[in-house]
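I opened this entry to look up the fold, the overall dimensions and the nonpolar packing. My notes follow in the order I checked things.

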Amino acid sequence: MKKIICKVEYDTETSTLVEKRTYGEFGDPKGYEESLYVTEGGKYFIYVNGGEESIYPEENIKRISAAKVDEWKASK
């Protein structure tokens, strides 16, 4: 997925996957995934996607500051 936010392109195909989390089982309408990526330029973002009853019913990209990355990693 590719998305431009504040004139910065975030692309899951050209960025490096840092960590992926899966909540629920495959096919669970409440299940979802969060995948942390970093761009070549050092910008972080989270790709989210889930079932129709989840907190992420549609795929999306959300940017995250480098300062918040450790907080996200600790929030398991």
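I started with contact range. Of the contacts with a separation of 6 or more, 33% join residues 24 or more positions apart. I keep in mind that this is a predicted model.

Next I looked up the secondary structure. I found one helix and six strands. Along the sequence the order reads β-β-β-β-β-β-α.

Then I checked dimensions. The C-alpha atoms fill a box of roughly 35 × 25 × 20 Å along the principal axes.

The protein exposes about 5300 Å², with 47% of that supplied by carbon and sulfur atoms. Buried residues make up 34% of the 76 residues. I also looked up the charges: 12 are positive and 15 negative, and their mean positions lie 8 Å apart.

Which residues make up the largest nonpolar core? I list eight: Y32, L36, I46, V48, Y56, I64, V69 and W72. At least two residues of this core come from each of β4 (32-38), β5 (44-50) and α1 (66-74). Another core, of six residues, lies apart from it and includes I5, Y37, F45 and Y47.

What is I46 in contact with, leaving aside neighbours within four places in sequence? I noted E34, S35, L36, N60, I61, K62, I64 and W72.

Definitions and conventions. Residues numbered from 1 in each chain as written. Predicted model: local features only at pLDDT ≥ 70, side-chain atom pairs only at ≥ 80, totals over all residues. Heavy atoms only, no water. Helix = DSSP H or I, 4+ residues; strand = E, 2+ residues; numbered from the N terminus. Buried < 20%, exposed > 50% of the residue type's maximum accessible area, 1.4 Å probe, protein only. Contact = heavy atoms within 4.5 Å. Areas by Shrake-Rupley, 256 points an atom, 1.4 Å probe, with all protein chains shown as cover. Lys, Arg positive; Asp, Glu negative; His and termini not counted. Charge placed at Lys NZ, Arg CZ, Asp CG, Glu CD. Core = buried A, V, L, I, M, F, W, Y, C linked by side-chain atoms within 4.5 Å.
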